[in-house]
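Reader: I am new to protein structures and would like to learn how to read one. Could you take me through an example, feature by feature?

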Amino acid sequence: MRPRNLWQAMARPRYLLTPWPWRAAAYLLTGVLTGVAVLVALVVLATVGGVLAVVLVGLPLLAAVVLAGLPVAVVERWRLRLADAEPAPGVHARPAEPGLRSWLTTRLREQATWRELGHALLCAALLWPAEALAVTVALLFPLAMIATPLLMATVGDGREAKVLKVWTVTDWPTAYGAAALGVLMLAAGAYLLGVAAGARAGLTRLLIAPREAGLDARVVELTRSRSRLVDAFEAERRRIERDLHDGAQQRLVALTMTLGLARLDAPPGPLADQLSRAHAEAGAALAELRELIHGVHPKVLTDYGLEAAVADAADRSPVPVDVRLDLPGRLPPAVESAAYFVVREALANVARHSGASRAEVRGGHTRGRLVVEVHDDGHGGADAAAGSGLTGLGDRLSVLDGRLSVSSPAGGPTVLRTEIPCEPVDGETAGTGHRTATR
């Protein structure tokens with residue numbers, strides 16, 4: 001595999017025979033030029049902006065000083081390819097709205113802008129002198145020593161030559177010895193250049209393209225993609241419910257009515273008995289289909305919201321259930337659906353496993369969170385991790401940044417609590433009153 005950065009290249013035995021030492025030198029030299037240019041630009045902008053700030057003309061120049069890290073970071077990402085072949089993408093967020101004001105607000109609020117400004121100030125004040133020193137010691141000094149015989153033959157008229165302005169050479173053997181020493185110093189300097197350029201590239205990547213920032217961006221995108229999948233799943237559930245309700249259910253209703261009329265018209269006998277049984281089977285299939293439709297996605301949830309859907313689930317529960325919910329109108333569909341199915345699963349567990357004589361569903365929307373609790377007076381001992389359907393619902397809530405917790409000590413009571421961050425989706429105000437349903 002080819003080395004992708006200077007550190008990998010220096011670990012190879014043929015480092016001196018590759019272009020990497022010259023890439024390191026080019027990286028440091030362009031860093032010196034960039035640092036000097038940034039220093040001059042910042043000084044001019046700050047000075048002129050400070051002088052003209054009293055008449056408000058200098059305020060845009062001072063703002064340019066704050067945002068100076070952005071163009072510098074663009075140049076640094078281009079230069080970084082000399083020392084590190086791994087891409088260094090930007091980590092800036094997209095403005096929520098088009099326009100200069102939204103762009104400025106977004107840039108001034110994000111950490112990446114201030115990191116890049118700090119990098120620009122560091123380049124202008126400290127980094128370029130250090131890069132110039134490294135290039136001088138590791139490259140220019142060895143090249144000057146290698147050029148000693150040439151200097152002696154040209155400038156020194158074959159009699160003497162100054163080596164690094166501090167050492168006078170007066171004979172040819174010494175001149176060639178200085179050149180040989182320069183070659184050795186150049187070889188050592190190649191590694192010094194690699195170390196300096198590698199450290200400089202690492203610092204640059206840390207400030208303007210941190211890997212954890214890219215990871216955070218991928219996590220955000222993964223979370224968004226999971227949310228989109230949840231929305232698509234909910235839309236598909238509603239479509240299936242609508243197709244079953246408007247298609248198969250209507251056909252079964254028509255079939256049941258037809259069989260009923262045929263049974264009334266048939267004379268007593270075996271045929272009437274067969275029609276009666278067929279009519280009963282069609283009625284049973286229709287009832288099962290209605291329960292299936294309700295389990296896929298209840299129409300009451302789509303039409304009337306979470307309060308009505310929970311009240312309907314309480315009416316269907318074999319255990320008496322009190323419902324006390326205080327919601328500020330409609331919530332996002334994914335939130336309503338997730339909360340409803342948690343409540344329905346909890347009530348199903350109460351009926352099947354708890355031995356409770358009564359249950360209660362209560363909660364509301366407070367501080368930007370939907371909180372719903374299901375209480376029962378059963379014998380307790382429930383464990384959400386023991387293979388119940390609540391485990392999958394907890395995973396579903398996590399996509400919405402929600403939490404599911406269960407408190408069920410032996411002997412009861414059992415409390416299941418759901419929290420989902422959300423905001424109302426319509427303009428209705430809070431305080432619609434408590435809806436109480438008791439069965």
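**Reading the chain, step by step**

Author: Happy to! The secondary structure of this chain comes to 14 helices and 7 strands. Keep in mind that this is a predicted model.

Reader: What share of the 439 residues is buried?

Author: A residue is called buried when its relative accessible area is under 20%. Here buried residues make up 39% of the chain. The chain as a whole exposes about 24100 Å², and carbon and sulfur atoms supply 64% of that area.

Reader: And how do I read the contacts between residues that are separated in sequence?

Author: Take the contacts between residues at least 6 apart in sequence: 69% of them join residues at least 24 apart. A348 is found in helix α13, residues 333-354. A348 has a relative accessible area of 22%, so it counts as partly exposed.

Reader: Where does UniProt place the feature "transmembrane region"?

Author: The unreviewed UniProt entry places it at residues 20-45, 51-75, 132-155 and 175-197. Residues 20-45 are 100% helix and 0% strand, with end C-alpha atoms 36 Å apart. Residues 51-75 are 68% helix and 0% strand, and the end C-alpha atoms of that span lie 29 Å apart.

Reader: Which residues make the nonpolar surface patch of about 740 Å²?

Author: The patch is made by V36, V40, V44, V48, V51, L52, V54, V55 and V57. Let us pick one member, L52, which is found in helix α2, residues 20-52. L52 counts as partly exposed because its relative accessibility is 31%.

Reader: Now the charged residues. How many salt bridges does the count come to?

Author: Here is the general idea: side chains of opposite charge can pair when their charged atoms come close. In this chain the count comes to 17 salt bridges. One of them joins the side chains of E76 and R79, at 3.0 Å from N to O. Both residues lie in helix α4 (residues 69-80), 3 residues apart, which is about one turn of the helix.

Reader: Are E76 and R79 buried or exposed?

Author: E76 has 0% relative accessibility, so it counts as buried. R79 is buried too, at 1%. Now look at another pair: R352 forms a salt bridge with E345, where the closest N and O atoms are 3.9 Å apart. R352 counts as exposed because its relative accessibility is 54%, and E345 is partly exposed at 21%.

Reader: Which residues are linked in a network of salt bridges?

Author: The network links R324, E360, R362, R369, E373, R403, R417 and E419. Within it, E419 forms a salt bridge with R417, the closest N and O atoms being 2.7 Å apart. E419 counts as buried, at 12% relative accessibility, whereas R417 is partly exposed, at 28%.

Reader: Can we look at one residue in more detail? What does T414 make a polar contact with?

Author: The side chain of T414 makes a polar contact with the side chain of S408, at 2.7 Å. T414 is found in strand β7, residues 414-421. With a relative accessible area of 11%, T414 is buried. Leaving aside its neighbours within four places in sequence, T414 is in contact with V374, H375, D376, G380, A382, V406, S407 and S408.

How values were computed. Residues numbered from 1 in each chain as written. Predicted model: local features only at pLDDT ≥ 70, side-chain atom pairs only at ≥ 80, totals over all residues. Heavy atoms only, no water. UniProt positions renumbered as here; feature names shortened; annotations may be inferred. Helix = DSSP H or I, 4+ residues; strand = E, 2+ residues; numbered from the N terminus. Buried < 20%, exposed > 50% of the residue type's maximum accessible area, 1.4 Å probe, protein only. Polar contact = N/O pair within 3.5 Å; in protein donor to acceptor, adjacent residues only side chain to side chain. Contact = heavy atoms within 4.5 Å. Patch = residues over 30% accessible without salt bridge, like charges linked within 9 Å, V, L, I, M, F, W, Y side chains within 5 Å. Areas by Shrake-Rupley, 256 points an atom, 1.4 Å probe, with all protein chains shown as cover. Salt bridge = Lys/Arg side-chain N within 4 Å of Asp/Glu carboxyl O.
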